[in-house]
Amino acid sequence: MDPINNVNPSITADSATKEFISLLSINQIRIYAYIISIIGNFNDADDIMQETTIKMWQKFSEFESGTDFLTWGICIAYYKIKE
């Protein structure tokens, strides 16, 4: 228990994980379609999608709930493609 904020970190982390998985499952196909439309190679697109998903999870605490998850994910994918 976090005595300052009176929050159980495991509950907060669990709800963030559930929210991320829910949003990703709804939007993953569209993000992947964006990647494949630019890359054109399924093997490379798979790798970029995996890297994009990892980066999205790492930055999920910066995502503002209620905003456009798809646009946010495509923006991250864009920078992964440029790498």
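Is Glu-83 buried or exposed? In this predicted model, Glu-83 counts as exposed, at 69% relative accessibility.

**View A. Salt bridge between Lys-80 and Glu-83.** The side chains of these two residues meet with an N to O distance of 3.3 Å.

**View B. Salt bridge between Asp-14 and Lys-18 in helix α1.** The closest N and O atoms of the pair are 3.4 Å apart. Both residues belong to helix α1 (residues 9–39), where a spacing of four residues separates them by about one helical turn. Asp-14 is partly exposed, with a relative accessible area of 39%, and Lys-18 is exposed at 54%.

**View C. Salt bridge between Glu-62 and Lys-59.** Here the closest N and O atoms lie 3.3 Å apart. Glu-62 is exposed, its relative accessible area being 54%, while Lys-59 counts as partly exposed at 30%. With the pairs Lys-80 and Glu-83 and Asp-14 and Lys-18, the count of salt bridges comes to three.

**View D. Negative surface patch including Asp-47.** Asp-44, Asp-46, Asp-47 and Glu-51 form this patch. Asp-47 is located in helix α2, which spans residues 42–58.

Notes
Residues are numbered from 1 along each chain as its sequence is written. This is a predicted model: local features need pLDDT of at least 70, side-chain atom pairs count only at pLDDT 80 or more; totals for chains, interfaces and linings use all residues. Side-chain values use heavy atoms; hydrogens and water are left out. Patches are made of residues with over 30% relative accessible area and no salt bridge: like charges are joined within 9 Å, nonpolar side chains (Val, Leu, Ile, Met, Phe, Trp, Tyr) within 5 Å. Accessible areas come from the Shrake-Rupley method with a 1.4 Å probe; for residues, only the protein chains shown count as cover. A salt bridge is a side-chain nitrogen of Lys or Arg within 4 Å of a carboxyl oxygen of Asp or Glu. Lys and Arg count as positive and Asp and Glu as negative; His and the chain ends are not counted. The place of a charge is taken as NZ of Lys, CZ of Arg, CG of Asp or CD of Glu. Helices (H or I, at least four residues) and strands (E, at least two) are DSSP runs, numbered from the N terminus. Buried means under 20% relative accessible area, exposed over 50%, partly exposed in between (1.4 Å probe, protein chains only).
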